[in-house]
Amino acid sequence: MQAKSPAEAKAHQPKSDWTPGAWRSRPAEQLIDYPDPEALSRVERRLAGSEPLVEVADIIHLRAALARVANGEAIIMQGGDCAESFAEFDADKVRVTYNLLLRMGAIVRAAGSDVVHLARIAGQFAKPRSSPVETIGEVTLPSYRGDAVNGPAFTSLARVPDPKRLLDAHRQAQVTIELLQAYASASYADLPRVHREVGLKEPPRPISMFTSHEALLLNYEQALTRFDEASEQWWATSGHMLWIGDRTRQLDGAHVEFARGVGNPVGLKCGPSINADDFLRLMDRIDPDNLPGKLVLIGRFGADKVAEHLPELMRITCREGRKVIWSIDPMHGNTRTVEGLKTRMVGDIVKEVRTFFEIAEAEGVHGGGIHLEMTGSDVTECLGGSINLAREDLGRRYLTHCDPRLNEAQALDVAHAVAAMVAD
Ligand code: PEP
Ligand code: MN
């Protein structure tokens, strides 16, 4: 399969009038104001001339795997850091995340459901922020927007957006994908152990690991979008699956305009503020042909709100005959502040997961997956779980630059909760 850069593909226009740059004429939330637009253009040209990070054939493979999820035959295990970091990157970190997702998947497979593994990695370098500024004491600075945009240090210099960071993010994504491929093609040495741990009798088989991130930085996404002649389609080659965040899902906004034109599976975060009308129109816009495996609706309401919002939305997808996947992100609706630190309770997370599967069953919908912020490292960012992490532990290894992540033991707790729901 031959992927062409946007410039090379000019002669082969696809059926629709969509172009990778069409988002530029739309209002955009969370846009980055670069002080040097020329430097940004140079970076965009460099990226546009680079090789695709992921193969179109593999994106198509994911689409097929997700069609099975839409059909009720598997569930998605999606997870990784809230934001990837340049400073905390090494091969071991990728291996540990890979291994954790595999173990979580094995727990769910042992309960009788097939699993699609989707790492939140190799592109998750930018964050939507609720406030454009951060104030500490008397000092107010622009917010940290993720390593692909500016630096986390609380200095005015670090917080200036630098387009060259997009190249660093791209390079790290490339290395990450190569590492994931190496682990997968070696059929990963730990696999027999993973299988023994959860009592699976069948022999281990190679497991594909797909990549995903929020499509927030549209300059980056556009530059990595390629036209593929065999499929006569545009594809985002920055990752296998992209999603649109809860803050950037405006119907006529730039992010929806970008996402609607690529062939990749697209996630849509659905929080408490989504209304039925927009919800319907977003589905029509992103997935006009109602293709199974194309659209993943990711609820993120909070343990106490999920029962108020989710049933109505699920009834709409049923009524409209939508072949979507319903998944749950039990992280972003359950953030709270304890002693000045953002945290989440494993109890709330598990409660939202359970409620999600219960509601899905009651509505006759397939509970199609979970989406977690987690790390294989031994962090102390979320409270509770089987290791019973307490308030006084919070500061001990609080390492995230952004949202609090489940550590390994806590992520496995959530996988066990999913397995219990799937087995019921
Ligand atoms: C995220 O997934 O990191 C995120 C910001 O989520 P949401 O858009 O659902 O708030
Ligand atoms: Mn987050």
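At roughly what angle do the axes of helix α3 and helix α4 cross? In this predicted model, the axes of α3 (residues 91-110) and α4 (residues 164-185) come within 10 Å and cross at roughly 55 degrees. Angles of 65 to 115 degrees count as roughly perpendicular and those under 35 as roughly parallel, so α3 and α4 are oblique to each other. The crossing of α3 past α4 is right-handed.

| Helix | Residues in the contact |
|---|---|
| α3 (residues 91-110) | A91, V94, R95 and Y98 |
| α4 (residues 164-185) | T176, L179, L180 and Y183 |

Sorted by class, this contact of α3 with α4 holds 6 nonpolar residues, 1 polar residue and 1 charged residue.

The largest nonpolar core has 113 residues, and L268, V353 and V414 have the most contacts inside it. The element that gives the most to this core is α3, with 9 residues. In soluble globular proteins, nonpolar side chains tend to be buried together.

Leaving aside residues up to four places away in sequence, V414 touches I349, V350, V353, I370, L372 and L406.

The loop between β2 (74-80) and α3 contains D90. Is D90 buried or exposed? A residue counts as exposed if 12 or fewer other C-beta atoms lie within 10 Å of its own; D90 has 10 such atoms within 10 Å, so D90 is exposed. The C-alpha atoms of D90 and Q172 are separated by 9.5 Å, although these residues are 82 residues apart along the chain.

Methods
Residues are numbered from 1 along each chain as its sequence is written. Chains are lettered from A and ligands numbered from 1 in the order in which they are written. This is a predicted model: local features need pLDDT of at least 70, side-chain atom pairs count only at pLDDT 80 or more; totals for chains, interfaces and linings use all residues. Axes are lines fitted to C-alpha atoms, for helices over the stretch in contact, and angles run from 0 to 180 degrees between N-to-C directions. Helices (H or I, at least four residues) and strands (E, at least two) are DSSP runs, numbered from the N terminus. Angles under 35 degrees count as roughly parallel, over 145 as roughly antiparallel, 65 to 115 as roughly perpendicular and the rest as oblique. A crossing is left-handed if the near helix is turned anticlockwise from the far one by less than a right angle, and right-handed if clockwise. Two residues are in contact if their C-beta atoms, placed from the backbone, lie within 7 Å. Ala, Val, Leu, Ile, Met, Phe, Trp, Tyr, Cys and Pro count as nonpolar, Asp, Glu, Lys and Arg as charged, and the others, Gly among them, as polar. A nonpolar core is a set of buried Ala, Val, Leu, Ile, Met, Phe, Trp, Tyr and Cys residues joined through C-beta atoms within 7 Å. A residue is buried if 20 or more other C-beta atoms lie within 10 Å of its own, exposed if 12 or fewer, and partly exposed in between; C-beta atoms are placed from the backbone.
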